[in-house]
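Subject: Structure handover

Hi,

Here is the structure I promised to pass on. Please open it next to this email and follow along.

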Amino acid sequence: MTVVSPPRTSGRLLPILGLGFGLAVTIGNSIGAGILRAPGEVAGHLPVTWLYLTAWVLGGLYALVGAIQLAELGAMIPRSGGQYVFSRYALGEYPGFIVGWSDWISTAGTAAAVSIVIGEFSVALFPLAVSATTIATTVIVILAVAQWRGIKWGSAIQNTTSLLKTLAFLALSIAAFTAGGAPAPIEAGPSPIGGLAIAAAFVLSLQAVIYTYDGWSATSYFCEEVENPGRDIPRSMIGVYLLVNVALLAVLPVSRIAGEAFAAGTVANVIFGAWGDPVFRTLTIVSMLSALNSNHLMASRVLFAMSRDGLVTSRAAIVNDGGTPTTALLASTIVAVVFVLFGRTFERVVTVLAFFFVANYALSFISVFVLRNREPDKPRPYRAWGYPWTTAIALVGSIAFLVGAIASDTANSLIALVALAASYPVFRAFRRRV
């Protein structure tokens with residue numbers, strides 16, 4: 001068994017977060033740009049209503065069975081740091097390093113992507129004399145400074161922005177149902193695709209859907225700071241995407257949504273006319289603020305956990321009196337700003353790093369099997385129901401997703417695999433220095 005290293009902190013994380021924060025950070029991290037962009041892409045691959053909705057249901061089931069596995073691990077190993085903690089404990093230092101390093105960079109990069117959307121939409125919505133890059137960088141820094149004061153500030157911002165986001169999406173859904181009257185009828189005719197083409201279309205669609213659902217693991221980054229992880233972490237894993245998609249279909253048929261970069265924006269234009277564009281952009285900015293704050297919080301916890309275990313510099317484990325890992329937050333903020341400033345290559349970088357999200361999930365699901373076998377008597381305040389079948393389904397789904405990603409985006413997947421191989425010398429270099 002991997003022995004957890006003694007804490008190397010000055011100060012400590014504060015166990016003051018409850019169910020409300022768990023819900024807020026899950027909403028903040030999972031309901032973001034994906035639900036605004038993905039419907040058009042999925043409808044383009046599956047231009048039949050029942051196939052379209054089936055893809056979203058299957059993605060939701062994957063998120064559900066995955067969430068209950070991480071809920072068991074989070075309640076069993078209540079240490080902040082996300083999936084890095086589980087993989088290191090169950091599989092060893094190097095697998096843990098792979099998960100932690102890729103997750104930290106990816107999460108900081110996601111914060112940058114979110115801030116870029118905020119900047120672009122703000123410039124389009126308001127007559128500002130500054131660039132989108134300046135706005136994106138400013139928002140990143142402002143939220144980081146607020147979190148620097150302590151987890152209470154970070155939690156308050158997360159609760160407030162997630163509530164506003166939920167209300168905004170609820171309002172859009174109600175407006176869609178009111179304007180549309182009833183969901184568009186499900187096509188009764190034959191599907192325009194068949195056989196292997198349907199299988200390929202489902203793989204491509206599920207990639208977009210799973211990317212969109214990603215975020216259901218957010219609470220696991222704060223296991224050490226949640227007051228009652230055995231109860232609150234499982235209850236915090238939620239999703240609302242099916243409602244939003246049915247609401248979109250209440251206004252437009254799937255054929256009109258297909259190929260739209262922002263399907264929600266198209267629906268807003270139909271509902272609100274001339275006000276549609278500003279309504280949609282305002283909704284997006286509110287959504288992105290919540291997502292940015294949650295990614296700041298999560299990235300700093302990953303680096304903090306790796307530092308505490310001696311896998312990166314010990315300075316990243318410094319925690320201030322407010323419960324914020326300040327050096328880890330500073331490093332995460334710098335990485336996010338660098339991504340923003342070098343935005344020309346950002347999409348390719350994020351595409352490569354996104355490969356690691358599901359790979360990390362796969363290692364977490366393997367960890368459930370390993371720990372059930374190695375430590376069957378260890379207290380588990382929450383046990384994944386349906387084990388081993390739900391765990392196996394989640395693992396097989398992850399592997400299928402990765403195979404589909406390699407087949408459909410070979411170039412970027414190969415870059416990801418090369419980066420994975422290159423992680424070992426980086427790991428050895430850090431181990432020699434700390």
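Is Phe97 buried or exposed? Phe97 counts as buried, at 0% relative accessibility. Buried means under 20% relative accessible area, exposed means over 50%, and partly exposed lies in between (1.4 Å probe, protein chains only).

First, some ground rules. This is a predicted model: local features need pLDDT of at least 70, side-chain atom pairs count only at pLDDT 80 or more, and totals for chains, interfaces and linings use all residues. Residues are numbered from 1 along each chain as its sequence is written, and side-chain values use heavy atoms, with hydrogens and water left out.

**Overall picture**

The protein has 434 residues, and 55% of them count as buried. Its secondary structure comes to 17 helices and zero strands. Both are DSSP runs, numbered from the N terminus: helices are H or I with at least four residues, strands are E with at least two. Now the contacts, meaning heavy atoms within 4.5 Å. Take those with a separation of 6 or more: residues 24 or more positions apart account for 83% of them. The protein exposes about 17,300 Å². Carbon and sulfur atoms supply 68% of that area. Accessible areas come from the Shrake-Rupley method with a 1.4 Å probe; for residues, only the protein chains shown count as cover.

**Aromatic rings**

The whole structure holds nine aromatic pairs. One of them joins Phe97 and Trp101, and it is stacked: 5.9 Å centre to centre, with 10° between the planes. Rings of Phe, Tyr and Trp (its six-membered ring) pair if their centres lie within 6.5 Å; planes under 30 degrees apart count as stacked, over 60 as edge-to-face and the rest as tilted. Phe97 and Trp101 are four residues apart in helix 5 (residues 93–125), so about one helical turn separates them. Trp101 counts as partly exposed, at 28% relative accessibility.

Tyr424 and Phe427 make a tilted pair, because their ring centres are 6.2 Å apart and their planes meet at 40°. Both sit in helix 17 (residues 410–433), three residues apart, so about one helical turn lies between them. Tyr424 is partly exposed at 42% relative accessibility, while Phe427 is buried at 5%.

Which residues do ring pairs link into a cluster? They are Tyr94, Phe97, Trp101, Trp104, Tyr424 and Phe427.

**Charges over rings**

Arg281 lies over the face of Phe121, 4.7 Å from the ring centre. Arg372 has its charged end over the ring of Tyr387, at 4.1 Å from the centre. The rule here: NZ of Lys or CZ of Arg is within 6 Å of the ring centre and within 35 degrees of the ring normal.

**Salt bridges**

Side chains of opposite charge can pair when their charged atoms come close. A salt bridge is a side-chain nitrogen of Lys or Arg within 4 Å of a carboxyl oxygen of Asp or Glu. The whole structure has six.

One of them joins Arg79 and Asp309, at 3.2 Å from N to O. This pair links distant parts of the chain, 230 residues apart. Arg79 is in the loop between helix 3 (49–76) and helix 4 (83–91). Asp309 is in the loop between helix 13 (276–308) and helix 14. Arg79 is buried, at 19% relative accessible area. Asp309 is buried too, at 5%.

Arg88 also bridges to Asp309, at 3.8 Å from N to O. Here the partners are 221 residues apart, with Arg88 in helix 4. Arg88 meets Glu93 as well, at 3.4 Å. Arg88 is buried, with a relative accessible area of 2%. Glu93 is partly exposed, at 23%. Together, Arg79, Arg88, Glu93 and Asp309 are linked in a network of salt bridges.

**A nonpolar surface patch**

Trp148, Leu330, Ile334, Val338, Leu341 and Phe342 form a nonpolar patch on the surface. Their accessible area together is about 610 Å². Patches are made of residues with over 30% relative accessible area and no salt bridge: like charges are joined within 9 Å, nonpolar side chains (Val, Leu, Ile, Met, Phe, Trp, Tyr) within 5 Å. Which helix gives the most to the patch? Helix 14 (residues 326–341) does, with four residues. Ile334 lies in helix 14, and Ile334 is partly exposed, at 47% relative accessible area.

Best wishes
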